[in-house]
Amino acid sequence: MTITSTYYLVLAAAIFTIGAVGLLIRRNVIVMFMCVELMLNAVNLTFVSFARELNDVRGQVLVFFTLVVAAAEVAVGLGIIVAIFRRRRGATADDLDLLRDGAP
Amino acid sequence: MTEVIFFVAAALALAGALGVVLMRNPVHSALWLVVTLVSVAIFFLQEQAELLAAVQIIVYAGAIVVLFLFVIMLLGVDREESLGDPIPFQRPAAIALGLILLTEVIFLAGHQWATGKPADALHTIRGGAADLGGNVERVARVLFTDFLWPFEITAALLVIAVVGSVVLARRSGQPPEGHGGEESEAGGASDREPGISARSERADSEVTDS
């Protein structure tokens with residue numbers, strides 16, 4: 001049996017789904033960020049699979065840009081988290097209701 | 001042999017992804033994330049993306065996860081979190097939506113028109129027009145010719161992200177002094193942590209005062 005690209009694509013779909021479900025059910029903002037990283041990694045795996053499938057190295061180059069976006073996102077996102085935690089301790093995503101109508 | 005490597009790495013990747021979601025301690029989640037990242041690097045090696053495998057280990061496992069752990073330790077959120085559902089029906093709805101998403105994406109991935117004609121397994125990936133040597137040279141040739149303008153934009157994006165994170169980590173109204181924002185800005189993202197931690201400790205003391 002040979003491992004075709006379909007195996008990689010199905011695996012990437014599974015990792016992406018786990019990341020998406022984790023983003024929905026977790027309350028800790030840092031863990032939610034990790035789930036976003038999981039989804040980005042699944043997309044990277046898809047890019048590399050198609051680069052292999054279509055015999056074109058440009059798919060691998062696109063992964064570089066995804067990496068850069070992920071790094072920038074993590075830097076800014078963790079900056080936001082640090083700024084939020086400085087105001088209120090132990091904040092989960094449910095506690096961040098500053099913009100909500102009638103917030104306590 | 002490749003089948004064994006694929007299935008072992010796939011099992012590790014899925015276990016790591018589930019561990020990220022299901023662990024109650026954020027530090028354990030970060031460690032499971034490393035398992036998934038290394039497994040994805042193994043897949044990159046299997047699919048002839050050697051440079052990306054190295055970059056994946058260095059950037060993701062070496063920099064991003066360390067940044068996560070820095071923030072977790074800095075904020076002291078490494079305590080157990082109750083996995084209870086604060087909003088009723090949210091978790092079943094999320095899982096049902098996830099299953100629908102998985103079905104959709106697998107349906108798309110399994111189709112012939114999505115995957116196209118499979119390439120010859122022994123054929124190495126070519127890049128650009130020239131016949132170049134290794135994977136690094138191919139990626140570099142394409143990156144610095146076809147993708148030169150996006151590459152430059154990427155540099156601007158990184159500078160904006162560094163400046164933005166420095167601005168976010170600074171307390172508003174704080175005059176730039178000592179090891180303030182300007183030094184961290186010049187040093188890049190890797191030098192952010194000392195400044196942040198020093199300022200954060202100051203912020204903690206002010207929070208307890210007020």
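## A buried alanine in chain A

A:Ala12 is buried, since 25 other C-beta atoms lie within 10 Å of its own; C-beta atoms are placed from the backbone, and a residue is called buried if 20 or more others lie within 10 Å, exposed if 12 or fewer do, and partly exposed in between. This is a predicted model, in which local features need pLDDT of at least 70 and side-chain atom pairs count only at pLDDT 80 or more, whereas totals for chains, interfaces and linings use all residues. Residues are numbered from 1 along each chain as its sequence is written, and chains are lettered from A and ligands numbered from 1 in the order in which they are written.

The residue A:Ala12 belongs to helix H1 (residues 5-25) of chain A, where helices (H or I, at least four residues) and strands (E, at least two) are DSSP runs numbered from the N terminus. Apart from neighbours within four places in sequence, A:Ala12 is in contact with A:Ala42, A:Leu45 and A:Thr46, a contact being a pair of residues whose C-beta atoms, placed from the backbone, lie within 7 Å. From A:Ala12 to A:Ala93, which is 81 residues away in sequence, the C-alpha to C-alpha distance is 27 Å.

## Chain A as a whole

Chain A has three helices and zero strands, and from the N terminus on its elements run α-α-α. Its radius of gyration of 18 Å is well over the 13 Å that the globule rule gives for 104 residues, so chain A is more spread out than a compact globule; the radius is taken over C-alpha atoms, and the rule is 2.2 Å times the number of residues to the power 0.38. Along its principal axes, the C-alpha trace of chain A spans about 60 × 25 × 20 Å. Of the 104 residues in chain A, 52% are buried, and among its contacts between residues at least 6 apart in sequence, 44% join residues at least 24 apart.

Helix H2 (residues 29-53) of chain A has 25 residues and reaches 36 Å from its first C-alpha to its last, close to the 36 Å expected at 1.5 Å a residue, where the expected span is 1.5 Å times one less than the number of residues. This helix, H2(A), is mostly covered, with 21 of its 25 residues buried, and it is followed by A:Asn55, which has a positive phi near 60 degrees.

In helix H3 of chain A, A:Thr66 is partly exposed, with 14 other C-beta atoms within 10 Å. Residues up to four places away in sequence aside, A:Thr66 touches A:Leu40, A:Val43 and A:Asn44; A:Leu40 is 26 residues from A:Thr66 in sequence, and their C-alpha atoms are 7.5 Å apart in space.

## Chain B

Chain B contains nine helices and zero strands, and buried residues make up 24% of its 210 residues. Among the contacts in chain B with a separation of 6 or more, 44% are between residues 24 or more positions apart.

In the loop between H2 and H3 of chain B, B:Gln48 has a positive phi of about 60 degrees although it is not a glycine. Most residues other than glycine have a negative phi. B:Gln48 counts as partly exposed because it has 19 C-beta neighbours inside 10 Å.

## Where the chains meet

The contact between the chains takes 73 residues from chain B and 66 residues from chain A. On the side of chain B that touches chain A, the elements giving two or more residues include helix H1 (2-22), helix H2 (26-46) and helix H3 (50-75) of chain B. By class, that side has 52 nonpolar, 14 polar and seven charged residues; Ala, Val, Leu, Ile, Met, Phe, Trp, Tyr, Cys and Pro count as nonpolar, Asp, Glu, Lys and Arg as charged, and the others, Gly among them, as polar.

The axes of helix H3 (residues 58-87) of chain A and H3(B) come within 11 Å and cross at roughly 5 degrees, the axes being lines fitted to C-alpha atoms over the stretch in contact, with angles from 0 to 180 degrees between N-to-C directions. H3(A) and H3(B) are therefore roughly parallel to each other, a term for angles under 35 degrees, while those over 145 count as roughly antiparallel, 65 to 115 as roughly perpendicular and the rest as oblique. Among the residues making this contact are A:Val63, A:Leu67 and A:Val74 of H3(A) and B:Val55, B:Val59 and B:Leu67 of H3(B), and the residues of the contact divide into 16 nonpolar, one polar and no charged.

Also in helix H3 of chain B, B:Phe68 is buried, with 23 other C-beta atoms within 10 Å. Not counting residues up to four places away in sequence, B:Phe68 touches A:Ile30, A:Met34 and B:Ala30.

Terms used
Two residues are in contact if their C-beta atoms, placed from the backbone, lie within 7 Å.
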